[in-house]
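The following questions and answers examine a single protein model. Please consult the sequence and structure shown below.

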Amino acid sequence: EEEAEKDSENVGGEEETERLRLEEEAERLRAEEQEKLELEEKRKEKEQQLKLLAERKELEKKMELDKQQEIERQQEEGRKRFEEMKRFEEMGRAKEEKQRIEAEVIETAKIEEQKIFEEQNRLEEQKQLEHQKRIDEQKRS
């Protein structure tokens, strides 16, 4: 009977040992599974961070490109305004030159008109003198 009791205790002790071993194994497996989950979570976080970093860099590139295009557009606009100002300046100079030439032409015309007027007066005076001479000669005759 004592032996059966001892055997029973041994079996009970072995069962307890086996149960403890199985619990430890289960705990170890749960810990490994938890560690895998944490590593997977960290990997996903890292992936998300890299994705966000790539998106930010892409956005920065786009903003830099937009900024460069805006600078180029402003430079082109400035160049066009400069060309337009030059054209207006040249038109202004051409207008001034035209006005100067017109003034010269008008002045020359006035001078010519004055000369013609003086020539007509001289001819008229000469005609009157000749007429007077004829009258004087006719009176003498």
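Q: In which helix does lysine 139 lie?
A: This is a predicted model, in which local features need pLDDT of at least 70, side-chain atom pairs count only at pLDDT 80 or more, and totals for chains, interfaces and linings use all residues. Residues are numbered from 1 along each chain as its sequence is written, and side-chain values use heavy atoms, with hydrogens and water left out. Helices (H or I, at least four residues) and strands (E, at least two) are DSSP runs numbered from the N terminus. On that basis, lysine 139 belongs to helix H1.

Q: How many helices and strands does the protein have?
A: Isoleucine 111 is found in helix H1, which covers residues 2-140, and leucine 52 also lies in helix H1. The total for the protein is 1 helix and 0 strands.

Q: Is lysine 139 buried or exposed?
A: Buried means under 20% relative accessible area, exposed over 50%, and partly exposed in between (1.4 Å probe, protein chains only). Because its relative accessibility is 66%, lysine 139 counts as exposed.

Q: Why does leucine 52 count as partly exposed?
A: Isoleucine 111 has 41% relative accessibility and therefore counts as partly exposed. Leucine 52 counts as partly exposed because its relative accessibility is 46%.

Q: What percentage of the 141 residues in the protein is buried?
A: The C-alpha trace spans about 205 × 10 × 5 Å along the principal axes of the protein. Among its 141 residues, the buried share is 0%.

Q: What is the radius of gyration of the protein?
A: The radius is taken over C-alpha atoms, and the globule rule is 2.2 Å times the number of residues to the power 0.38. A compact globule of 141 residues would have a value near 14 Å, whereas the protein has 60 Å.

Q: How far apart in space are lysine 139 and phenylalanine 88, C-alpha to C-alpha?
A: Leucine 52 and glutamate 40, 12 residues apart in sequence, have C-alpha atoms 18 Å apart. Lysine 139 and phenylalanine 88 are 51 residues apart in sequence, and their C-alpha separation is 74 Å.

Q: The charged end of which residue sits over the ring of phenylalanine 88?
A: A charge sits over a ring if NZ of Lys or CZ of Arg is within 6 Å of the ring centre and within 35 degrees of the ring normal. At 5.4 Å from the centre of the phenylalanine 88 ring, the charged end is that of arginine 87.
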